[in-house]
Every structure is written in structure tokens, then in C-alpha cells.
Amino acid sequence: MAKGRGSEMVSMAVLCLHVAALQCEIAQAATYAAGGNGGWTFNVSGWENGKKFKAGDILVFNYQKGAHNVVVVNKAGYVGCSTTPRNAKIYTSGKDK
């Protein structure tokens with residue numbers, strides 16, 4: 001009986017370590033202001049230099065509401081700089097994440 005109880009404690013400790021490791025991974029997500037300090041507008045470039053983006057990072061788009069928007073596109077839409085794809089998510093608040 002004592003042997004079963006000990007393995008239960010080890011399993012619980014391993015589970016706790018996995019949860020703690022996952023929390024550390026999530027806590028390391030970074031937030032970046034797209035466009036840098038000047039915000040997001042036409043012909044913005046170079047703000048991404050030196051940054052290593054990872055899944056889970058947050059991009060903040062600050063821009064003049066009503067003058068611009070942010071459209072979610074896939075790689076082909078980005079590379080082709082195409083017009084807004086059908087059913088695309090469009091953000092218009094001026095302070096989008």
C-alpha cells in the first residue's frame with residue numbers, strides 16, 4: 001500500500017512540474033507595437049528588425065481610426081499584398097491586438 005501512495009506522489013509532482021513549465025512558456029510571450037513608436041501607417045518598415053517573433057506574441061497596431069485598418073491575411077495574401085480576402089477578419093478600432 002505504501003508503494004502505491006509513493007508513486008501517486010511522484011506522478012502528482014511530475015504533473016505539477018509540467019504545469020509550471022507550461023506557465024513559464026506562456027508568460028514569455030512578448031508584445032510588440034507594429035510600426036514601432038510611430039505607430040502603424042503607410043510605408044512603415046524596419047520596426048521588425050532585431051525581433052524574434054514566436055507563436056503567442058502579441059502585435060499591437062496603433063493607427064488613426066477611420067483612416068486605416070488591419071486585415072488578417074495568410075502568407076499568400078501578405079506576399080501578394082492583395083486586397084482584402086473574402087471573409088477576412090478586419091480590425092478598425094485604431095488600437096488593435
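Figure 1. Ala88 is partly exposed, with a relative accessible area of 22% (buried means under 20%, exposed over 50%, and partly exposed in between, with a 1.4 Å probe and protein chains only). The model is predicted: local features need pLDDT of at least 70 and side-chain atom pairs count only at pLDDT 80 or more, while totals for chains, interfaces and linings use all residues. Residues are numbered from 1 along each chain as its sequence is written, and side-chain values use heavy atoms, with hydrogens and water left out. Ala88 belongs to the loop between H2 and strand S4 (90–91); helices (H or I, at least four residues) and strands (E, at least two) are DSSP runs numbered from the N terminus. Residues up to four places away in sequence aside, Ala88 touches Val71 and Val72, a contact being heavy atoms within 4.5 Å. Between the C-alpha atoms of Ala88 and Asn74, 14 residues apart along the chain, the separation is 9.7 Å.

**Figure 2. The largest nonpolar core.** This core consists of 6 residues, namely Tyr32, Ala34, Trp47, Phe61, Tyr63 and Val70. A nonpolar core is a set of buried Ala, Val, Leu, Ile, Met, Phe, Trp, Tyr and Cys residues joined through side-chain atoms within 4.5 Å. Apart from neighbours within four places in sequence, Ala34 has contacts with Gly39, Trp40, Trp47, Val60 and Phe61. Across the 97 residues of the protein, 14% count as buried.

**Figure 3. The largest pocket.** The space in this pocket amounts to about 1,000 Å³. On a 1 Å grid over the protein atoms alone, a pocket is an open set of points where a 1.4 Å probe fits, with protein on both sides within 12 Å along at least five of seven lines; lining residues have an atom within 4 Å of a point. Grid points are joined across faces, edges and corners, and the volume is the space filled by probe spheres set on them. Of the 28 lining residues, Trp40, Phe61, Val70, Val71 and Tyr78 lie nearest the centre of the pocket. Strand S2 (58–62), strand S3 (70–71) and helix H2 (75–80) each contribute at least two residues to the lining.

**Figure 4. The loop residue Asn43.** Asn43 is located in the loop between strand S1 (31–34) and S2. Although Asn43 is not a glycine, its phi is positive, at about 60°. Asn43 is exposed, with a relative accessible area of 78%.
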